[in-house]
Amino acid sequence: MNVIALSQHQFGLNLDLLAAMFRLRRRVFRDRLDWTVSVTGDLELDVYDALNPTYLMLVSARREVVGCVRLLPTTGPTMLADTFPQLLAGLSPPRNDRILESSRFCVDTRLAAEPAEHGLNRATFMLFAAMIESLGMSDADSIVTVTDTRMERILRRAGWPLERLAPPQRIGQTMALAGFLHGSEETLSSMYRHAGVEGPVLSQLETLQTAA
């Protein structure tokens, strides 16, 4: 498995990966978690997918999308500021070049069969490591995210605890909350260890395409 960072100028050459990612998101967020999300056919997309995000995708040797997460700068529109400001409990939303927003983190548990520590799978740790690596590539320090208490527990078990911005609130059937994830070399090394790798997990897209 490889983790790739897919940005706007690469979308047109990788429509198969994009479609697989949006299908995975549909299966996870609508079908499994029953979140109120925008669905078109078997794809889950929203307005933030039109804002030139960077997608981190965990891809198998057969070009199957095993997991993904979406990253956006907080200097523009964000899910926290523009869709879920109630999760800030009156605080101002983060707007800083050194803070990214992550959203739509998910793993296909049918494909991510390799177990790791703390009851989690290797794919989860690889994506967490890629998120921290992305901070360094973007000259950023932290990630802000809107998530749920289930994911908060996963992050705690993984050793990357969420710093809450405010107490959780019920949105639909979900106990949602917002918080910060801070990058550090110590945390990154821990993710590598849990994933069973010795170094960076982000691969060049060209390398993946050559191997496919």
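**Pocket lining, a helix pair and confidence**

Visitor: Which elements each supply at least two residues of the lining of the largest pocket?
Guide: In this predicted model, those elements are β6 (99-107), α4 (122-137), β7 (142-148), α5 (149-158) and β10 (174-182), where helices (H or I, at least four residues) and strands (E, at least two) are DSSP runs numbered from the N terminus. A pocket is an open set of 1 Å grid points where a 1.4 Å probe fits, with protein on both sides within 12 Å along at least five of seven lines, and lining residues have an atom within 4 Å of a point.

Visitor: And which element gives the largest share of that lining?
Guide: That is β6, with 4 residues, out of a lining of 30 residues in which Trp35, Met79, Phe84, Arg104 and Val146 lie nearest the centre of the pocket.

Visitor: Switching topic, at what angle do α4 and α5 pack?
Guide: Their angle is about 85° and their axes, which are lines fitted to C-alpha atoms, are 12 Å apart; α4 and α5 are therefore roughly perpendicular (65 to 115 degrees).

Visitor: Which residues meet there, between α4 and α5?
Guide: From α4 come Thr124, Phe125 and Phe128, which meet Met151, Ile154, Leu155 and Ala158 of α5.

Visitor: Where is confidence lowest in the chain?
Guide: Helix α7 (residues 205-211) has the lowest, with a mean pLDDT (confidence from 0 to 100) of 43, while strand β8 (residues 163-164) has the highest, at 98. Over residues 206-212 the pLDDT is below 50, and this stretch has 8 contacts (heavy atoms within 4.5 Å) beyond near neighbours in sequence. Where pLDDT is low, predicted coordinates should not be read in detail.

Visitor: What does the chain average?
Guide: The chain averages a pLDDT of 92, and 95% of the residues score at least 70.

Visitor: What are the ground rules for numbering and side-chain values?
Guide: Residues are numbered from 1 along each chain as its sequence is written, and side-chain values use heavy atoms, leaving out hydrogens and water. Local features need pLDDT of at least 70 and side-chain atom pairs count only at pLDDT 80 or more, whereas totals for chains, interfaces and linings use all residues.

Definitions and conventions. Axes are lines fitted to C-alpha atoms, for helices over the stretch in contact, and angles run from 0 to 180 degrees between N-to-C directions. Angles under 35 degrees count as roughly parallel, over 145 as roughly antiparallel, 65 to 115 as roughly perpendicular and the rest as oblique. pLDDT is the predictor's confidence in each residue, from 0 to 100.
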